Structure formats: structure tokens, C-alpha cells
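Open the structure in your viewer and keep the selection tool at hand.

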Amino acid sequence: MHRLLYTGACLLALALPYQACAQAPAAADAATLAAAVEAATQQYTKATLVESVLFSGPEYVDPTKPGAIGNQFFMSAEPQLGTVTYRNAYFQQVPLRYDLVLDRVVLTYPNQVANIMLIPEALTDFSLQDRHFIHVLSDSSTSPLLPTGFYELLQAGPVNLLARHVKYLSQTTENQSLAFKFKQVDKVFARSGNTVVEVGRLKDLLALLPAHKAEVQRYARQQKLRFSTAQREASAVKALRFYYTLPQ
């Protein structure tokens, strides 16, 4: 007890001359104290950074119509742990939802009353589970096909494979009553430099491959790759990954 009291007294006397604490505990105790202070400082800095950086966006207001079938989010309406690169800072284990109607990423913490929309211009990329999204800025050469927004990076390389996921609210009449239902539209794009093509067939992807087109076509036939709406993403990824296994 005497030792603890003495240590506390020395801490309170940090502004006094060093000699006042000349009889402090051994160097090992000082090192332990320094480590504890450093750990506490890092924890405080991390908490402060998350608070000041991630919670700097506008409040998210759910635009869903009452009684609508489905939801506007990617994969799930429940928050999913992911990562974000936001304002040049990288964060992990962040509870996120991706609104495909608004093309906005929503931050949702369990004990927070308000949901926060991350500012798109400050959001470089994010991930939900194993799905990775990047923020693409349109320019004069790509804007017709790639408007500014978030795209899933399906395959990186000299030829990037991107997916654009969008939801919209459709209106139908059922039993003489209006009904609203969320529908999702997915498109696949291949980009090489300033050249962008929408991939609806294997032929579209081959147009951006400088070599080995015959090998990729043969591989697609052997693997029975299909480019229907349901299989397009997976088939395009398999074809492009095979292409990257060939001598470049």
C-alpha cells in the first residue's frame, strides 16, 4: 500500500523537479507504467479517430415505402462487418449497409440512434464480407458506361472486371391494389485504361484481351461458361482469371 501511495504521489508531482521523485520504484516499474500510458493513449486516439472521422457524414433517412417487398440493401438489410478507407484512414470491423437505391454506404452502430451516410467523395473503397467495392470517378472517356459511383471489383489486373449493382422500386398491381417491390439489376464491365465495355457475352471480354483469345474461348467451352444474367459475373471472372494464368 505504501508503495502504491508513493507512486501516485510521484505522478501528481510531474511538474516538480525530477529530484522530488528520485526515490521512485525501480526502472522496471517505470517501464511498466510507460507501457500502460502508451496503451491508454493509443486506445483513446483510436476511439477519438473513429468518432471524429466515421461519424462526420449526414444522417441516413430510410426512403422505403411502407409495405414494400424486399429492401434496398446489398446482400442483407442487417448491418455487416466490413472495412472502409475513409478520409485516407483505414478502419476494420465496421458495421455497414450498402443502399443500392441511393448508392450510399450507411454506418450503423448498435447503440447509436442515428445512422450515418459516409460521404462518397471521401470513401475510397469498402468491403462487405469478401466483396470489395471501389469508388469510380467518371471522365470524358468512360462516363457513358461508368458513371461516378461504387463498383464491385470482381478481378483486378491490366483488365479490371467491375460489377455495378443497382436496385429500384417497381410498382405493380396485385388484386386491384398497388404493390411495391425492390428489384436488383447487375451489370458487368471490363476496363483497360480508358477503354470500357459492358460484358454481356464472352466476345465483349475478349475484345479487351490483347492475346490468347483462342485459348480463352477453348477454356470457356470446356468449362461450359454461360453469360446469362445469373451466371455472367462468375463466368467472366473465371475466364479472366484463366487468361491471367497464361504467359503475358
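What follows is a short walk through charged residues and their partners.

This is a predicted model, in which local features need pLDDT of at least 70 and side-chain atom pairs count only at pLDDT 80 or more, while totals for chains, interfaces and linings use all residues. Residues are numbered from 1 along each chain as its sequence is written, and side-chain values use heavy atoms, with hydrogens and water left out.

Begin by selecting aspartate 125, which lies in strand S5 (residues 123-128); strands are DSSP runs of E with at least two residues, numbered from the N terminus. Aspartate 125 is buried but has no salt bridge, and arginine 191, the nearest side chain of opposite charge, is 12 Å away. Here buried means under 20% relative accessible area, exposed over 50%, and partly exposed in between (1.4 Å probe, protein chains only); a salt bridge is a side-chain nitrogen of Lys or Arg within 4 Å of a carboxyl oxygen of Asp or Glu.

Select aspartate 103 and arginine 164 next, whose side chains meet in a salt bridge (3.3 Å, N to O). This pair links distant parts of the chain, since aspartate 103 is in the loop between strand S2 (89-99) and strand S3 (104-107), whereas arginine 164 is in strand S8 (residues 160-174), 61 residues apart.

Now move to arginine 131 and glutamate 152, a salt bridge whose closest N and O atoms are 2.5 Å apart. Arginine 131 counts as partly exposed at 24% relative accessibility, whereas glutamate 152 counts as buried at 5%.

Note on methods. Helices (H or I, at least four residues) and strands (E, at least two) are DSSP runs, numbered from the N terminus. Lys and Arg count as positive and Asp and Glu as negative; His and the chain ends are not counted.
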